[in-house]
Amino acid sequence: RTTLDLMLDMFPKPDVVTMDIDGAEYQALLGADRLLAEVKPILFISVHPMHLWDQHKDTPDDVWMHLELHGYDAERVGRDHELHVIAKARP
């Protein structure tokens, strides 16, 4: 188990990060402060509202607020059993 921030020391800095992790989206973002602040990749996130709550008592609003805190604009681009989001850092 690791964080996205710790992976910055092991791999090249990514231009894009995609997440489809069935309920741990907010938890993953909590381990990505350095990534979001320094690297500012484009994020493709599949947000699973029911799993977020069932597994961690997190909500999609936690995800949006964390992205906002780090200067990201998030756009919902689709919805089926999950919310599909593209997030880009503001210039």
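The structure is a predicted model, in which local features need pLDDT of at least 70 and side-chain atom pairs count only at pLDDT 80 or more, while totals for chains, interfaces and linings use all residues. Residues are numbered from 1 along each chain as its sequence is written, and side-chain values use heavy atoms, with hydrogens and water left out.

The chain contains 5 helices and 4 strands, where helices (H or I, at least four residues) and strands (E, at least two) are DSSP runs numbered from the N terminus. Read from the N terminus, the order of elements is α-β-α-α-β-α-α-β-β. The radius of gyration is 12 Å, close to the 12 Å that the globule rule gives for 91 residues, so the chain is as compact as a globular protein of that length; the radius is taken over C-alpha atoms, and the rule is 2.2 Å times the number of residues to the power 0.38. Along the principal axes, the C-alpha atoms fill a box of roughly 30 × 30 × 20 Å. Of the contacts (heavy atoms within 4.5 Å) between residues at least 6 apart in sequence, 60% join residues at least 24 apart.

Buried residues make up 37% of the 91 in the chain; buried means under 20% relative accessible area, exposed over 50%, and partly exposed in between, with a 1.4 Å probe and protein chains only. Positive side chains (Lys and Arg) and negative ones (Asp and Glu), with His and the chain ends not counted, number 9 and 17 respectively, and the centres of the two sets lie 3 Å apart. The place of a charge is taken as NZ of Lys, CZ of Arg, CG of Asp or CD of Glu.

The structure holds 4 salt bridges, each defined by a side-chain nitrogen of Lys or Arg within 4 Å of a carboxyl oxygen of Asp or Glu. Aspartate 9 and arginine 34 form one of them, at 3.1 Å from N to O. This pair links distant parts of the chain, 25 residues apart: aspartate 9 is in the loop between helix H1 (4-7) and strand E1 (16-19), and arginine 34 is in helix H3 (residues 33-39). Aspartate 9 is exposed at 57% relative accessibility, whereas arginine 34 is partly exposed at 29%. Arginine 34 also meets glutamate 38 in a salt bridge (3.4 Å, N to O). These two residues are 4 apart in helix H3, a separation of about one helical turn, and glutamate 38 is exposed at 52%.

Aspartate 73 lies in strand E3 (residues 72-79) and arginine 90 in the segment after strand E4 (83-89), so the pair ties together parts 17 residues apart in sequence. Aspartate 73 is partly exposed at 43%, and arginine 90 is partly exposed at 34%.
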